[in-house]
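Reader: I would like to learn how to read salt bridges in a structure. Please start with the general idea and then go to the case at hand.

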Amino acid sequence: MATSRIERLTNLVICLLSTRFPVDRDYIRANVAGYDRDSDDDAFERMFERDKADLRDLGVPIEVAPISRINSTQGYRIAFDEYALGDIDLDPEEATAVAVAAAVWQSPELSSAAQSAVQKLRAGGLDVEGPGAGASTAIAADRGAEGALLAMLEGIDRRKQVTFAHRGNPTQPFVDRTLHPWGVVTFRGNAYAVGHDVDRGAVRTFKLSRVRGGAVLDRSATVRPPDGFDLHAHVVATVAERDPVGVARLWVARGRGDGLRRLASTTSDGDFRGRPGTELTVEVRSVDALAREVTGLGPDAVVFEPPQLRDAVVDRLTALAGER
């Protein structure tokens, strides 16, 4: 069975990474699956040159050097230190922006680039699925908000109004809203759309995890934010007023809740109703974001305090039970 081009390129990378010294073309032809040992030399040369060019276009640093000190035959290898992904140092807001991209990777327009970026970040050790990074964003955790995000971004780009459905909390019904979108801002692991609410006649901030669907109104007037309006400062002020900041005490089952464990300021072993686990103390930067993370763990996480976090988790679990 013929080897696919992708498989051949992968085999070539593995070969050039696994050798301490440069290897020549004859070695590659004989040992890398995908090259036809029985083909004529010209056909192999053409294929190998194309493969080298493709890998370099992908950013793979192929070195060319003599295969030894006493043999000047040209050889090839990939230096691991140059090929390995460097340290990734993103703050929570930057990591959240990556998660927004991850949230829409199933869309045909963004699938390849977004998924590739997230895979590379995960390979580098970045948590794009924990609170303050990735899955704590409502979009990444909730595929239903994908259409809303795309509509918001299109409306911002085209400066047109956007219609969508919104609910104030998980237990409330969705209500149709119309917005002049000015921008999308990430804060405390969540994404928010900011703009002029046509229905309310005032500036409003919508958490995208609570939005469904979305459509751009082509015939609407041109939308522009007021001069000097600071989107991020507005979201910070709005969310800080809406969500209290405090400390939560939680329990997570053994082997579960890695995202919560990374956020914990203190930990201690403890059983809950006979199950082994860990008690955590976690800073509450957003009741809603933390409640979403706890809810996602189901029976493997329990909130001891504060009451508002426990109530938020109960509301979410009740809403989920009602949808089944």
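Author: A salt bridge here is a side-chain nitrogen of Lys or Arg within 4 Å of a carboxyl oxygen of Asp or Glu. Side chains of opposite charge can pair when their charged atoms come close. The model shown is predicted, and it holds 13 salt bridges.

Reader: Which residue meets Glu 279 in a salt bridge?

Author: Arg 249 does, at 3.6 Å from N to O. Glu 279 is in strand 10 and Arg 249 in strand 8, 30 residues apart, so the pair links distant parts of the chain.

Reader: How is the burial of such a pair read?

Author: Through relative accessible area: under 20% is buried, over 50% is exposed, and partly exposed lies in between. Glu 279, at 26%, is therefore partly exposed, and Arg 249 is partly exposed at 33%.

Reader: Which residue pairs with Arg 177, and at what distance?

Author: Asp 197, with the closest N and O atoms 2.5 Å apart. Arg 177 counts as buried because its relative accessibility is 9%; Asp 197 is buried at 0%.

Reader: Where do Arg 158 and Glu 154 lie?

Author: Both are in helix 8 (residues 146-158), four residues apart, or about one turn of the helix. Arg 158 is partly exposed at 34%, as is Glu 154 at 37%.

Reader: Which residues are linked in a network of salt bridges?

Author: Arg 25, Glu 45, Glu 49 and Lys 52 form such a network.

Note on methods. Residues are numbered from 1 along each chain as its sequence is written. This is a predicted model: local features need pLDDT of at least 70, side-chain atom pairs count only at pLDDT 80 or more; totals for chains, interfaces and linings use all residues. Side-chain values use heavy atoms; hydrogens and water are left out. Helices (H or I, at least four residues) and strands (E, at least two) are DSSP runs, numbered from the N terminus. Buried means under 20% relative accessible area, exposed over 50%, partly exposed in between (1.4 Å probe, protein chains only).
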